[in-house]
Amino acid sequence: MLQHPFYRTSLGIILLLTMIYLLSKVSFIFNPLVTLVSILIVPITISGFLYYLLRPIVQFLDGKKLNRILSILLIYLLFAGVLTVFLIVVWPPLQNQIIEFMNNVPKLISNLQKQMTNIRESTFFSMVANESSPELMNKITEHLNSAVEAISGYLSHFFTFLNDFVIVVGTVPIFLYYMLKEDERVTPALIRMLPAKYRKDGSSVIHDIDNMLKGFIAGRMISAVVLALMSFIGFWLVGLPYPLLLAVVGALFNFVPYFGALLGAIPCVIVAFTVSPSMVIWVIVIVVIAQQVEGNLISPYIYGKTINIHPLTTIILLLVAGDFAGILGMILAIPVYMMLKIVVLRAHKAYFASRIEKLPE
């Protein structure tokens with residue numbers, strides 16, 4: 001019976017499910033590991049992001065025969081200079097807008113209620129409400145409250161991240177230093193861990209994953225910066241309050257594919273609605289134009305064929321990852337999926353190649 005593929009596969013599935021069941025009974029053993037991962041996931045993610053951004057500079061300095069440790073220290077010094085410029089030039093107006101926004105939240109809510117009242121009392125709305133449903137305004141209000149609650153939830157996650165800022169600041173430079181310093185040793189070490197007959201395929205897999213992550217991270221960074229600039233210019237021209245703050249928020253949400261554009265547009269539209277309905281139209285036009293330019297002109301040029309995922313697959317991944325791990329899960333879903341896809345496809349190819357070699361001539 002065990003010679004038949006069906007029974008061997010069934011036995012493997014039974015053993016796997018048995019192992020999962022037994023592990024679930026001793027889950028308390030893994031609680032410290034889960035806690036450690038939850039603490040380090042954000043610093044490691046940020047370190048990996050910065051590693052792929054700064055590694056080309058280290059490799060360039062290596063080509064100039066500069067000591068790697070000295071190269072990293074020079075990059076840290078350059079990064080400190082850029083951060084200083086940011087703190088001098090960008091942070092003061094951004095900080096003022098954040099403080100002003102937090103102080104004006106009650107006023108914003110009051111203006112929002114006034115705009116809703118004006119719409120309810122308008123002739124156009126009365127005609128629509130009479131023709132469709134008398135409870136149309138209540139439905140709109142419910143949807144608006146849901147949007148506000150969703151934004152509040154994301155803001156709470158953001159402030160939770162700020163509470164862990166000390167951990168991030170203390171660990172990211174250390175992780176990043178060793179990532180850059182041991183860059184050329186990691187890949188050979190991983191390959192040596194594999195059996196000899198799999199080392200060639202393993203080297204190819206690591207190379208493909210490295211290229212994918214490099215293209216994904218660099219592309220996301222460039223797209224976010226360009227989107228922030230376009231949004232800020234547009235918001236500033238139409239007179240939207242807090243243009244820099246809203247542009248930065250939209251750019252940060254842009255790291256989430258598909259849903260990021262909607263999540264980043266929601267606070268912009270709400271703030272615009274506190275000004276006037278016409279401001280909402282202008283903001284929607286600016287957001288749509290910026291997203292179209294970024295999605296159709298910039299992203300395809302940057303990514304090329306690096307990210308090749310069906311849109312339906314992307315949406316499913318984001319929904320599942322967002323339910324399990326929130327915004328961080330949605331950001332990591334695509335690169336993790338791409339890494340698994342590369343490994344599975346390479347393993348599948350190697351398996352069938354070995355089967356073909358065993359066929360009798």
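Visitor: Where does Val 34 lie?
Guide: Val 34 lies in helix α2. Keep in mind that this is a predicted model.

Visitor: Is Val 34 buried or exposed?
Guide: Val 34 has a relative accessible area of 53%. Exposed means over 50%, so Val 34 counts as exposed.

Visitor: Which residues make the nonpolar surface patch?
Guide: Val 34 is one of them, along with Leu 23, Phe 28, Ile 29, Phe 30, Leu 33, Leu 36 and Val 37. The patch covers about 770 Å².

Visitor: And which helix gives the most to the patch?
Guide: That is helix α2, residues 31–63, with four residues.

Visitor: New topic. How many salt bridges does a search of the whole structure find?
Guide: Five.

Visitor: Which residue does Arg 55 form a salt bridge with?
Guide: Its partner is Asp 210, and the closest N and O atoms are 2.9 Å apart. This pair links distant parts of the chain, since Arg 55 is in helix α2 and Asp 210 is in helix α9 (residues 199–238), 155 residues apart.

Visitor: Arg 55 first: buried or exposed?
Guide: Arg 55 is buried, at 7% relative accessible area. Asp 210 has 19%, and buried means under 20%, so Asp 210 is buried as well.

Visitor: How exposed is Lys 181?
Guide: Lys 181 is partly exposed, with 25% relative accessibility. Arg 185 is exposed, at 55%.

Key. Residues numbered from 1 in each chain as written. Predicted model: local features only at pLDDT ≥ 70, side-chain atom pairs only at ≥ 80, totals over all residues. Heavy atoms only, no water. Patch = residues over 30% accessible without salt bridge, like charges linked within 9 Å, V, L, I, M, F, W, Y side chains within 5 Å. Areas by Shrake-Rupley, 256 points an atom, 1.4 Å probe, with all protein chains shown as cover. Salt bridge = Lys/Arg side-chain N within 4 Å of Asp/Glu carboxyl O. Helix = DSSP H or I, 4+ residues; strand = E, 2+ residues; numbered from the N terminus. Buried < 20%, exposed > 50% of the residue type's maximum accessible area, 1.4 Å probe, protein only.
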